[in-house]
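Hello,

Here is the structure I promised to pass on to you. Please open it first, and then read my notes alongside it.

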Amino acid sequence: MTITGPRKGTAGSFTPSPVEPLKHQLLATLAQHRMASTHQLHLLLRPDRSRQSVSERLNELLGERLVDFVVLPQSHRTRVWYLTPKGARLTRDWPALRGRPPYPVTSATAASLKTPHTLTVLRTHLAFVVDARRRGDEHGHLDWTPEVFHSIGDGERIIADALMHYTLIEGEQRRKLRAFVEIDRATMSSERLAAKLIEYARLWAYEPQPLGRRRQTNDGPGWLRWYPVFPRILFVLTGASRQTMDNRINDLKAMATHHPLVAGLAREVPLGAAVLDDLDELGPTSHIWVPLAGGKYRPWTQL
């Protein structure tokens, strides 16, 4: 979706408003993302200020029993923060957090179990945030919703690791993009990873039967209830050798080519895969994405 209008702001200008108290933004961010390290919160919310300013507000929230933390092992005592039950209750009805994950992390045990995956998902988000600031695009700390789920029929559902909202600004045009993001840490087989494309293809094709009335031919697919166009699908790989990740990307490409329903999806929806280290080093809008339907490396915005 493209909107024409005057471009506002310059590169690096899209950061959280300093008018809103930092403590409020910290609570909102932890409610949205479940967990975050001090370093990640600093980059997300106050990259132009000292890390100490963020640490001080976190310690105040700790004293108010709204947040707590676990310490990452072998990390020079890196703290990973999450909401307490009191903090979760406080933020539950904030308008900006509609659609956030329904099950916040509110205990040290739950935090320890979820830390590796959750921090990797947030690391991926940070790569897009930093790149958006550099370019002058719009993508902030609440434009990334973890664990978004949709029905795909037969009592089943698909859960995306994240849904991303991104506004690409090119001259006087503002192009609104959405993407389902899947983070692969090589913890499942390559076959199971590639099968995730079948689930997305089912979502793309799924037309729910309304209860209590006959099916209407113009109802269309269920995803139209949420999106004006079907979000592109991005796979981000990490946690293995470059050769292993290349093999996993090739399996995704094979699925997009040979599975009839996925091939239909690939003809209509941009699908791409990239390595997380490349996102960190080069930025998501660099030519690092493999189009799963075939073609040369390109930016995710040009899949």
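In which loop is the place of Arg34? Arg34 sits in the loop between α1 (22-33) and β2 (36-37); helices (H or I, at least four residues) and strands (E, at least two) are DSSP runs, numbered from the N terminus.

Before going further, some background. This is a predicted model, in which local features need pLDDT of at least 70 and side-chain atom pairs count only at pLDDT 80 or more, while totals for chains, interfaces and linings use all residues. Residues are numbered from 1 along each chain as its sequence is written, and side-chain values use heavy atoms, with hydrogens and water left out.

**Two residues with positive phi**

Most residues other than glycine have a negative phi. Arg34 has a positive phi of about 75° although it is not a glycine. Arg34 is buried, with a relative accessible area of 4% (buried means under 20% relative accessible area, exposed over 50%, partly exposed in between, with a 1.4 Å probe and protein chains only). Asp154, in the loop between β5 (144-153) and β6 (156-170), also has a positive phi, near 60°. Asp154 counts as exposed, at 74% relative accessibility.

**The cavity and a pocket**

Arg34 is also one of the residues that line the largest cavity, together with His33, His117, Thr118, Val121, Leu122, Trp144, Pro146, Glu147 and Asp161. On a 1 Å grid over the protein atoms alone, a cavity is a set of points where a 1.4 Å probe fits but cannot get out, and a pocket is an open set with protein on both sides within 12 Å along at least five of seven lines; lining residues have an atom within 4 Å of a point. Grid points are joined across faces, edges and corners, and a volume is the space filled by probe spheres set on the points.

A search of the whole structure finds one cavity of 30 Å³ or more, and the largest cavity holds about 90 Å³ of space. α5 (108-135) and β5 each supply at least two residues of its lining, with α5 giving the most, four residues.

The second largest pocket holds about 360 Å³ of space. It is lined by 14 residues, of which Asp161, Glu182, Ile183, Met188 and Lys196 are the closest to its centre. The largest share of this lining, five residues, comes from α6.

The largest nonpolar core has 32 residues, and Phe180, Phe235, Leu271 and Leu292 have the most contacts inside it. Such a core is a set of buried Ala, Val, Leu, Ile, Met, Phe, Trp, Tyr and Cys residues joined through side-chain atoms within 4.5 Å. α6 gives the most to this core, with six residues.

Leu292 touches Leu197, Phe235, Ile249, Leu252 and Ala256, among others, not counting residues up to four places away in sequence; contact means heavy atoms within 4.5 Å.

In α7, Met245, Arg248, Ile249, Leu252, Met255 and Ala256 are buried. They cover an arc of only 110° around the axis, which puts them on the same side of α7; the arc is that of the directions from the helix axis to the C-beta atoms. On the other side of α7, Gln243 and His258 are exposed. What covers the buried residues of α7 includes α6, β8 and β9.

I hope you enjoy looking around.

Best wishes
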